[in-house]
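Thanks for asking me to look at this with you. Please keep the structure open beside the note and look up each residue as we come to it.

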Amino acid sequence: MRDRFRDLEGPLAIRKKDVVLMATVSSFEGLAHPTRSELRQFAELFMPLFQASSDEARRQAVAALSQSKTIPPAVALFIGSQPIAIAAPFLTASQAIDDDILIIIARSQGTAHARAIVSRDSLSPKVIDALVALRHSEPRQTAPAAVAEEPAEALALAPTGASMEAADFVERLASEEAMRERIKGLARHLGRNDGNRLGLRTLSDIQEALLVRFARAREAESFATALADALSASRWLAERIMLDLSGQQLATTLTSLGMGFLDAVFVLERLYRHLAEPQHNVTRAWMVLDALDPEECHQRVEAWRRADSYTYKPEDQARTEQAAASAPNAVRQVPPARDIRIVGRR
């Protein structure tokens, strides 16, 4: 009996379980419209097989299920809660995860999982609101001292399962070290109280919602109108800001107005497609916004607004000033002598 249990722990048994796992996933993919009973049976089979399989089989299974249109909610939550190296393709590509599960994963699994969710092609307003609220709560959950821990602690956080190969372990460790350096770069944002905007021009909830909505639909004209209203400036200034194809000026403006970080990332990615490209585990839009200093953004946007107030005049105001300037000339004008009529008394 003891020898049989030892046989189950051998590599051959692991390979057999890998085959069973992939066969289970393939059978589930063959179901065009699985019934409730079939979904329940798949959930009961999948999770134990997944836990008993190798990391390579887990990645293949997750990649396959990322393309499925229907997945049991329990399985979606289970996969999304796996380490980010395994769960990332599922979180970024799967259309079978509902909003509630995405929110649960973002709140319970940390920054890496939240970033994977942010990189999805489309997010509902409900998920966006939850991600924004999650970011505002991060300074209270993560102290700057925790960010500055010794790199050696990454070894304790790295997975140490017996089935992980050395190459996978090294790759995962390098990824976590890169993420740690990334978090160190964000430490100054975590320590700043972004909620204190006394005396600063700030977006209202309606203005922020309109900007996000127009960006989602890529309605540039409506977005420019809403941005001009938020700045209390001319539409010319709003259009001038949007014409900067690098997205730097719009990022500066959104930061100055106090738009939520994840909302601002979403707006930039929708309006400037090149900013949606991944770079260092995040998108270019994330990198642009992260490099900005809010104080400098306030000063720059206020300078733009002052220049706009000096140079831009509404048409009605321009006509009024022109009429006022021409009025004294009309009063002082003397008609030609031939047009003067002298009426004498007889």
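1. How many of the eight residues of helix H8 (residues 111-118) are buried? Six of them are buried, so the rest of the structure largely encloses this helix. The buried ones are His-113, Ala-114, Arg-115, Ala-116, Ile-117 and Val-118. Here "buried" means under 20% relative accessible area, "exposed" means over 50%, and "partly exposed" is in between (1.4 Å probe, protein chains only). Helices (H or I, at least four residues) and strands (E, at least two) are DSSP runs, numbered from the N terminus.

2. A word on what you are looking at. This is a predicted model, where local features need pLDDT of at least 70 and side-chain atom pairs count only at pLDDT 80 or more, while totals for chains, interfaces and linings use all residues. Residues are numbered from 1 along each chain as its sequence is written, and side-chain values use heavy atoms, with hydrogens and water left out.

3. How confident is the predictor? The score to read is pLDDT, the predictor's confidence in each residue, from 0 to 100. Its mean over the protein is 75, and 67% of the residues reach 70 or more. Where pLDDT is low, the predicted coordinates should not be read in detail.

4. Now the overall picture. The protein has 21 helices and two strands, and 38% of its 346 residues count as buried. Among contacts with a separation of 6 or more, 66% are between residues 24 or more positions apart. The protein exposes about 20,800 Å², of which carbon and sulfur atoms supply 55%; the areas come from the Shrake-Rupley method with a 1.4 Å probe, and for residues only the protein chains shown count as cover.

5. Let us return to H8 and look at a helix packed against it. Two packed helices are described by the angle between their axes and the distance between the axes. Helix H6 (residues 84-93) packs with H8 at an angle of about 25°, with the axes 8 Å apart. The axes are lines fitted to C-alpha atoms, for helices over the stretch in contact, and angles run from 0 to 180 degrees between N-to-C directions. H6 and H8 are therefore roughly parallel to each other; angles under 35 degrees count as roughly parallel, over 145 as roughly antiparallel, 65 to 115 as roughly perpendicular and the rest as oblique. Ile-84, Ala-87, Leu-91 and Thr-92 of H6 make the contact with Ala-112, His-113, Ala-116 and Ile-117 of H8.

6. H6 also meets helix H5 (residues 73-80): their axes come within 8 Å and cross at roughly 130°. That makes H5 oblique to H6. On the H5 side the contact involves Ala-76, Ile-79 and Gly-80, and on the H6 side Ala-87, Phe-90 and Leu-91. In the loop between helix H4 (55-65) and H5 you will find Ser-68. At 10% relative accessibility, Ser-68 counts as buried, and beyond its neighbours within four places in sequence it is in contact with Glu-29 and Ala-96.

7. Leaving aside neighbours within four places in sequence, Met-242 is in contact with Ala-220, Phe-223, Ala-224, Leu-227 and Tyr-272.

8. Finally, two loop residues to check. Arg-218, in the loop between helix H14 (205-216) and helix H15 (220-231), has a phi near 55°, a positive value in a residue other than glycine. At 34% relative accessibility, Arg-218 counts as partly exposed. Ser-232 lies in the loop between H15 and helix H16 (235-242), and its phi is likewise near 55°.

Terms used: Contact = heavy atoms within 4.5 Å.
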